[in-house]
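User: Please examine the structure shown here and answer some questions on its architecture.

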Amino acid sequence: MSPADKTDILVVGAGVIGLAVAAELSARQPDLSVVLMERHESFGRETSSRNSEVIHAGIYYPAGTLKAKLCVEGNPLLYQFCQKWAIPHRRCGKIIVANSAEESASLDNLLDQALANGVIDLVELGFSQLNALEPNIRAARALLSPSTGIVDSHALMARLEQICLQNGVLPAYCHLVDLIEILSEGYRVHFKNPDGSSDTLDCRCLVNCAGLQAGRLAALAGIDPDRALYRLHLCKGEYFSLPRARASLINHLIYPPPLHELTGLGIHATKTLDGRLRLGPNAKYVTEEDYTVDPTCAGDFYRAARRFLPFIDQRDLEPEMAGIRPKLSGPGESFRDFVIQEEFGRKLPGLVNLIGIESPGLTASLSIARLVARLIC
Ligand SMILES: Cc1cc2nc3c(=O)[nH]c(=O)nc-3n(C[C@H](O)[C@H](O)[C@H](O)COP(=O)(O)OP(=O)(O)OC[C@H]3O[C@@H](n4cnc5c(N)ncnc54)[C@H](O)[C@@H]3O)c2cc1C
C-alpha cells in the first residue's frame with residue numbers, strides 16, 4: 001500500500017515497538033491519520049524476531065529508570081494482552097542460580113533491586129523447594145521469579161498489526177526513509193518506494209522506532225548523535241539450541257545472576273513455546289548487522305551453561321540464530337537507559353525519538369507505546 005502525501009503521524013519502523021506505538025496512537029486518536037513505514041516487506045524482520053522472547057519481571061534495572069518502570073508496567077500489560085487475544089505465551093517462571101560466592105552476592109543484590117523496582121514476587125528457594133521444581137539443575141542458591149514468562153513474539157506482532165489495520169493505520173512496507181526535512185510545522189519525510197523511486201510524505205508528528213537505525217534517523221532530523229549521546233553500538237547475541245529431549249529436563253527458564261555491567265544477562269537457558277531448549281545470548285560488540293552464528297563459540301556456551309545445567313553435552317549444541325542489541329553504552333561503558341523523548345527542547349516539536357530500545361523492549365512494548373502516546377497526544 002502506498003502512503004498518501006500527508007499524514008498526522010508517521011511512525012518509522014515496524015518492529016514490536018513501532019507496531020505497538022501505531023496501535024496505541026490509532027486507538028487513542030481515531031481522528032488522526034497514522035502511517036507506519038517500514039523498509040522491509042513485512043513487520044518484525046529485525047531485532048523483534050531475534051530475541052529470547054522472555055517476558056521479564058523488571059528485576060535487573062536501576063530503580064527509577066525507564067527500563068525498570070516500563071518493564072514492571074509492561075509485564076502485566078503484556079500478559080493481559082496475550083490472554084485477551086489468545087497469543088501463545090506461558091508464565092513459566094524463571095530460576096536464577098548461584099554457584100559461587102560472587103554469584104551469591106549478586107543474588108542478594110537482585111533481591112534488593114527487585115524490591116526497589118516494586119517487584120514483590122521474587123523469592124529465595126529452599127533446597128528442597130528447588131529440588132522439587134528443578135531436580136536436574138545445579139545450584140548452591142536459587143531465586144524464583146514467578147512473573148517471568150515467554151511469548152510468541154511473531155503472534156504478538158501479528159495481532160498488533162491487525163489492530164493497526166482495524167484502526168485505520170496505513171502500513172507502508174518496503175519503504176525506506178532516507179531524508180527528513182524540517183517544515184515550519186512538522187516534517188517532510190523522503191523515502192524510497194519499493195520500485196526504487198523517491199517520494200515524500202508530510203507529517204505533523206514523527207515517531208522514530210527504527211531500532212538499530214534509530215540513531216541514524218535522529219541524525220537525519222539534524223540531531224548530532226555524539227552531542228545528544230544517541231550514537232548506537234551494535235551488540236550481537238548468539239544462540240545455540242539443544243535437542244528436545246534435553247528440554248524436558250528443565251521446567252523453568254534458568255539464568256545465572258548478572259555479574260558485571262549489564263551488557264547482557266549472561267548465557268541462560270530458555271525453553272521455547274514449541275518445547276525447544278535454547279542457550280544464549282552471548283554479547284559481542286560488532287560493527288555490521290551480521291546475523292551468522294560463530295560455531296566455534298559452542299565451547300564457551302557449553303562451559304557457561306554446564307555450571308548450572310550439568311546434563312548438557314557439548315556435542316548437543318547447534319548454532320541457532322543471532323540478534324543484535326541497539327545499545328547506547330559502548331564496550332566497557334556503564335548503564336544507559338532507554339531514550340524516549342519528544343524533541344521540543346531541540347526545536348523539533350512533534351519528533352519523538354526512541355533510541356537504545358534493547359532488552360526489555362519486547363516486555364515493555366505496550367508500556368512504551370502508552371508513554372509515547374502521552375508524549376504526543
Ligand atoms: C539477543 C537479544 C535478546 C533479547 N531478548 C529479549 C527478551 O527476552 N525480552 C525482552 O523484553 N526484550 C528482549 N530483547 C529486546 C527486544 O528484542 C527489543 O527491545 C525489541 O525487539 C526492539 O523492537 P524495535 O521495534 O525497537 O526494533 P526492531 O524490531 O529492530 O524494529 C525496527 C524496525 O525499523 C525499521 N527501520 C530502520 N530504519 C528504517 C528506515 N530508515 N526506514 C524504514 N524502516 C526502518 C527496521 O527495518 C526494523 O524493522 C532482546 C534483544 C536482543 C538483540
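User: Into which domains is the chain divided?

Analyst: This is a predicted model, in which local features need pLDDT of at least 70, side-chain atom pairs count only at pLDDT 80 or more, and totals for chains, interfaces and linings use all residues. Residues are numbered from 1 along each chain as its sequence is written. Domain bounds come from an automatic or database domain assignment. The division is into domain 1 (6–49 + 154–230 + 335–376) and domain 2 (94–146 + 233–327).

User: How far apart do the C-alpha centres of domain 1 and domain 2 lie?

Analyst: Eight residues of domain 1 are in contact (C-beta atoms, placed from the backbone, within 7 Å) with nine residues of domain 2. The separation of the two C-alpha centres is 32 Å.

User: Where does the ligand lie relative to domain 1 and domain 2?

Analyst: Of the 41 residues around the ligand (C-beta atom, placed from the backbone, within 6 Å of it), Gly13, Gly15, Gly211, Gly237 and Gly361 come nearest. Domain 1 and domain 2 both give residues to this shell, so the ligand lies between them.

User: Which elements do the buried residues of H9 pack against?

Analyst: Helices (H or I, at least four residues) and strands (E, at least two) are DSSP runs, numbered from the N terminus. In helix H9 (residues 365–376), nine of the 12 residues are buried (20 or more other C-beta atoms, placed from the backbone, within 10 Å of their own). Among them are Leu366, Ile368 and Leu371. The packing partners of the buried residues are H1, helix H2 (66–85), strand E12 (198–208), strand E19 (339–342) and strand E20 (351–355).

How values were computed. Two residues are in contact if their C-beta atoms, placed from the backbone, lie within 7 Å. The expected span of a helix is 1.5 Å times one less than its number of residues.
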